[in-house]
Amino acid sequence: MNSSPINILVFKTNICTKADCSAVKELFDTISSIIEWNIDTEDIDRVLRIVTQLGQADVISIVNKLGYACSELE
(Lines give C-alpha, C1' and ligand atoms only; values in the text may rest on other atoms or scores of the structure.)
Protein backbone atom coordinates (compact mmCIF):
# COMPACT_ATOMS: atom_id res chain seq x y z
CA MET A 1 0.00 0.00 0.00
CA ASN A 2 1.30 3.46 -0.91
CA SER A 3 1.58 5.60 2.21
CA SER A 4 2.07 8.93 0.42
CA PRO A 5 -0.31 11.62 1.66
CA ILE A 6 -3.15 12.82 -0.53
CA ASN A 7 -2.74 16.44 -1.60
CA ILE A 8 -5.35 18.81 -3.01
CA LEU A 9 -3.39 21.27 -5.12
CA VAL A 10 -4.55 24.31 -7.07
CA PHE A 11 -2.64 25.93 -9.93
CA LYS A 12 -2.89 28.80 -12.38
CA THR A 13 -2.36 27.57 -15.96
CA ASN A 14 -2.73 28.61 -19.58
CA ILE A 15 -4.70 25.46 -20.49
CA CYS A 16 -7.75 26.85 -22.25
CA THR A 17 -9.06 24.75 -25.15
CA LYS A 18 -10.65 21.33 -25.44
CA ALA A 19 -7.52 20.18 -27.30
CA ASP A 20 -5.36 21.41 -24.40
CA CYS A 21 -7.54 19.56 -21.90
CA SER A 22 -7.38 16.41 -24.01
CA ALA A 23 -3.58 16.53 -24.09
CA VAL A 24 -3.48 16.90 -20.30
CA LYS A 25 -6.05 14.11 -19.83
CA GLU A 26 -4.05 11.75 -22.02
CA LEU A 27 -1.00 12.17 -19.79
CA PHE A 28 -2.77 12.41 -16.41
CA ASP A 29 -4.67 9.17 -17.15
CA THR A 30 -1.32 7.33 -17.23
CA ILE A 31 -0.21 8.56 -13.79
CA SER A 32 -1.67 6.37 -11.05
CA SER A 33 -0.88 8.85 -8.27
CA ILE A 34 -3.29 11.37 -9.81
CA ILE A 35 -6.65 10.55 -8.28
CA GLU A 36 -8.86 13.30 -9.65
CA TRP A 37 -8.40 16.56 -11.53
CA ASN A 38 -10.26 19.28 -13.39
CA ILE A 39 -9.53 22.50 -15.23
CA ASP A 40 -11.82 25.52 -15.13
CA THR A 41 -11.23 26.93 -18.60
CA GLU A 42 -13.82 29.65 -17.99
CA ASP A 43 -11.83 31.16 -15.11
CA ILE A 44 -9.30 33.88 -16.00
CA ASP A 45 -6.59 31.83 -14.23
CA ARG A 46 -7.52 28.58 -16.04
CA VAL A 47 -7.49 26.87 -12.65
CA LEU A 48 -6.20 23.30 -12.42
CA ARG A 49 -7.39 21.53 -9.27
CA ILE A 50 -5.81 18.16 -8.67
CA VAL A 51 -6.12 15.47 -6.00
CA THR A 52 -2.89 13.52 -6.01
CA GLN A 53 -0.11 11.86 -4.11
CA LEU A 54 2.36 13.98 -6.08
CA GLY A 55 3.92 17.13 -4.71
CA GLN A 56 3.39 20.61 -6.07
CA ALA A 57 6.74 20.74 -7.89
CA ASP A 58 6.00 17.38 -9.56
CA VAL A 59 2.68 18.58 -10.96
CA ILE A 60 4.21 21.84 -12.21
CA SER A 61 6.99 19.88 -13.92
CA ILE A 62 4.55 17.48 -15.59
CA VAL A 63 2.35 20.30 -16.93
CA ASN A 64 5.39 22.34 -18.04
CA LYS A 65 6.75 19.33 -19.98
CA LEU A 66 3.49 19.34 -21.96
CA GLY A 67 4.28 22.91 -22.96
CA TYR A 68 1.82 24.69 -20.66
CA ALA A 69 2.43 27.29 -17.99
CA CYS A 70 1.64 26.15 -14.46
CA SER A 71 2.22 27.93 -11.17
CA GLU A 72 0.86 27.86 -7.64
CA LEU A 73 -2.40 29.78 -7.39
CA GLU A 74 -2.16 32.26 -4.57
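Mentor: Please keep in mind that this is a predicted model.

Trainee: What makes strand 1 and strand 3 a pair?

Mentor: Two strands pair if there are at least two bridges between them. Five bridges join strand 1 (residues 7-13) to strand 3 (residues 47-52), so the two count as paired, and they run antiparallel.

Trainee: Which order do the strands of the sheet follow?

Mentor: The open sheet has four strands in the order 2-3-1-4, with antiparallel pairing.

Trainee: Why are strand 2 and strand 4 said to stand at the edges?

Mentor: Strand 2 (34-40) and strand 4 (70-72) each have a single partner strand, so one side of each lacks a neighbour in the sheet.

Trainee: Why is the aromatic pair of Phe28 and Trp37 called edge-to-face?

Mentor: Ring centres must lie within 6.5 Å, and planes over 60 degrees apart count as edge-to-face. For Phe28 and Trp37 the centres are 5.1 Å apart and the planes make 90 degrees, so the pair is edge-to-face. A search of the whole structure finds one aromatic pair.

Trainee: How do you know whether Phe28 is buried or exposed?

Mentor: Buried means under 20% relative accessible area. Phe28 has 3%, so Phe28 counts as buried.

Trainee: What makes Trp37 partly exposed?

Mentor: Partly exposed lies between the buried limit of 20% and the exposed limit of 50%. The relative accessible area of Trp37 is 22%, and therefore Trp37 is partly exposed.

Terms used: Residues are numbered from 1 along each chain as its sequence is written. This is a predicted model: local features need pLDDT of at least 70, side-chain atom pairs count only at pLDDT 80 or more; totals for chains, interfaces and linings use all residues. Side-chain values use heavy atoms; hydrogens and water are left out. Rings of Phe, Tyr and Trp (its six-membered ring) pair if their centres lie within 6.5 Å; planes under 30 degrees apart count as stacked, over 60 as edge-to-face and the rest as tilted. Buried means under 20% relative accessible area, exposed over 50%, partly exposed in between (1.4 Å probe, protein chains only).
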